[in-house]
Amino acid sequence: MTIFPLAGRFDPARLFSFKGGIHPETRKFLTSECAIEDMPVPTVLRVPLQQHIGVEAEPLVARDDMVLKGQLIGKARGPVSANIHAPTSGRVLAVGHFTAPHPSGLPVPTITIRPDGDDRWGDRLPRMRPESADPDEIAAQVAKAGIVGMGGATFPAAVKLNLRARYDLHTLIINGAECEPYLTCDDRLMRERAEEIADGIGIMARALGVKQVIVAIEANKPQATAAMERYHRVLGYALKIKQVPTQYPMGSEKHLVKTLTGKETPARALTAELGVVVHNAATAHAVHLAVRYGEPSISRVVTISGRGITRPANVRALIGTPVAELLAHCGGLAQEPERLLLGGPMMGQPIQNPRVPIIKGTNGILALAASETRDREVMPCIRCGLCVQVCPMGLTPFELNTRIKAGDLEGAARVGLLDCITCGCCSFTCPSNKPLVQTIHFAKGKLAEQESRKHQQEQAKRLAEARQERQEAIAAAKREAMAKRKAEMAAKKKREAEAAAAETPKNGETVK
Amino acid sequence: MLYAVTSMTALGLGLGLLLGLAARKFHVETPPVVDEIEGVLPGTNCGQCGYPGCRAGAEALAEGAAPVTLCPPGGRELALELAEITGADANGAADLDGMEEAEQMVAFIFEDHCTGCTKCFKRCPTDAIVGANKQIHTVVTDACIGCDACIEVCPTEAIIHRTKPRTLRNWYWEKPDLVPGDGEMRISA
């Protein structure tokens, strides 16, 4: 019998891993040894104004305007929104709508730019010295640079940096787990740009005012861990580099927090309630560029992989580069892909049109061949309970599924529909190939629609009441005006009568 | 002159008194359920139910002359609420199934037919139409409740009903059974 190393046993990352999860074949070998290459400027760039959660940005340019690299072309609107910058210099071909990089294929407001090939920088943001900068200034700079969470959730990073005003934060966790199969963009970035990422982490730690910083990297990325370990101290903050078990969905922030701290985030709450903020490693890199060099978020590293790709690669591409051009850069499609995905294979979104652009949250483009996708023959549920075992949120996917099928959305919500993070573990593991997570996707959308309808009805009521009030006010004003006119008329008549009365005796006198 | 004024005043006062007394004498107690129903109805008086205004609709529902599904802008949610208030039978539930499929409708103005007459603009119960005299009007989709008020008054028939357009914000995956084999995102293991 072997004696387990005691030190390892007391590592909280091992003691408190999360319940459930799966171990899909990672297939990271396709691109993990491919160094990040720069994609040349494409022939056309389509920059959507909605690349983030929240309200779409407001366009600041018009057709035929000349823009410079880094110029602000879309201004954030509302508290949860992000600025959009021109990825390169060129002429604005159109400010209109284009197919969104989204499974619906619906149009989204988009600025189309024809690059002039010079790649000429405009005014950059002012550089900062984060060592002496105020936390608010750093957050403001990050907001100006339009940085959003680059792991895929696209939540504006500045909003997260400003959480310190509302919560007592003590820990910053840098998410380098990259648990989705195939994706290696964060892995490569950490290997090649460890110093810059470490600097970005330090800047964010300063902005948040936290006490400790943990960098979490999955155990299947030893080179990235080694690279990050060289920078264990930045801006006065000690970086703790932690290996976490390779397990999907380790990259989900709630699960990462659970693994590293042993604390569970309350249902539908932010990790900030535990005093923990999670940022992606790629976001840290973007923050470094924005604060040290004043460069806004205009490019990102994308993993292009799958058996359908001739030459899988990690590419640094400008935001707005069409997927088709990225595929062409990687030698095109080796075979007709069964599925073209943006993002990872577990949570990525299928797209129909390869002309759609990549956006700030696109971490991968996958062309999956038929051999990499599963057959779709759906069989009845055999009540094996595997989906319950793997659900990292502790839900009962089969029950949710049954309730949703029966149209009982409220019932599904009662058993945790809204807590589902749609990670897809249940569908992945189901021996009957039941589309469990897909049904949940539908139910979540449907429930949101019902909510919005209810909200709309309330608004309609309010509008109708406001209209009635207004009409009554108009009527009252009219009556008043009428009464006033009448009074004036009466006064005028009275004056005339008096004048006439005054004149009559005069006349009489003259007659005399 | 004085004669005319006094006679008219006397007539007015007398008739007013008569009306006031009649209102007291023949006062009809409205059942409280009508108020309750009116409270949950949208209150836009759009007339889609076929009754003149939400109040009349509520009365008809209270009398049992109208089904709980009378209010199209309210949709299924409202019908369920009404069924709870009125205690409707299983018949109502059967109607509800058909209602769920009904897509939300909104008005749409063909701009090349619009003359900018402001007739629809004045009629809209929720101020969902924007425009001015001799300017092309348009519909604020989020505020539109899909009633027929504007369609009826448009002199050039430039307004139609259409299903509410889907946007990225309100789009969601279809129920998987309806599209066999679509929307699956798995890799082989």
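This note goes through a predicted model with chains A and B, point by point.

1. The annotated cysteines. The UniProt annotation "binding site", which comes from an unreviewed entry, covers Cys46(B), Cys49(B), Cys54(B) and Cys71(B). These residues are spread over 26 residues of sequence, yet they cluster in space, with a largest C-alpha distance of 9.6 Å.

2. Cys46(B). This residue sits in the loop of chain B that runs between helix 2 (32-40) and helix 3 (53-63). Cys46(B) counts as buried because it has 25 C-beta neighbours inside 10 Å, where 20 or more are needed for that label. If residues up to four places away in sequence are not counted, Cys46(B) touches Pro73(B), Pro125(B), Ile145(B), Cys147(B) and Ala149(B).

3. Another of the annotated residues, Cys54(B), belongs to helix 3 of chain B. With 24 C-beta neighbours inside 10 Å, Cys54(B) is buried as well. Its contacts, again not counting residues up to four places away in sequence, are Glu38(B), Leu41(B), Pro42(B), Gly43(B) and Asn45(B).

4. The domains of chain A. The domain assignment divides chain A into domain 1 (15-120 + 129-318) and domain 2 (386-441), and the C-alpha centres of these two domains lie 29 Å apart. Twelve residues from domain 1 of chain A and twelve residues from domain 2 of chain A take part in the contact between them. On the domain 1 side of chain A, the touching residues divide into six nonpolar, four polar and two charged.

5. The largest nonpolar core. In soluble globular proteins, nonpolar side chains tend to be buried together. Here the largest nonpolar core has 132 residues, and among those with the most contacts inside it are Val142(A), Ile201(A) and Leu326(A). Helix 6 (residues 194-208) of chain A gives the most to this core, with nine residues. Because domain 1 and domain 2 of chain A both give residues to it, the core lies between them. Leaving aside neighbours within four places in sequence, Ile201(A) is in contact with Ile174(A), Val213(A), Val215(A), Val234(A), Leu239(A) and Ala284(A).

6. The second core. A separate core of 18 residues includes Ala460(A) and Leu463(A) from chain A, together with Ala107(B) and Ala149(B) from chain B. Ala149(B) is also one of the residues that Cys46(B) touches.

7. The contact between the chains. Which chain gives 32 residues to this contact, and which gives 42? Chain B gives 32 residues and chain A gives 42. On the chain B side, the residues that touch chain A are 13 nonpolar, eleven polar and eight charged.

Technical notes. Residues numbered from 1 in each chain as written. Chains lettered and ligands numbered in written order. Predicted model: local features only at pLDDT ≥ 70, side-chain atom pairs only at ≥ 80, totals over all residues. UniProt positions renumbered as here; feature names shortened; annotations may be inferred. Helix = DSSP H or I, 4+ residues; strand = E, 2+ residues; numbered from the N terminus. Buried ≥ 20, exposed ≤ 12 C-beta atoms within 10 Å, placed from the backbone. Contact = placed C-beta atoms within 7 Å. Domains from an automatic or database assignment. Nonpolar A, V, L, I, M, F, W, Y, C, P; charged D, E, K, R; others polar. Core = buried A, V, L, I, M, F, W, Y, C linked by C-beta atoms within 7 Å.
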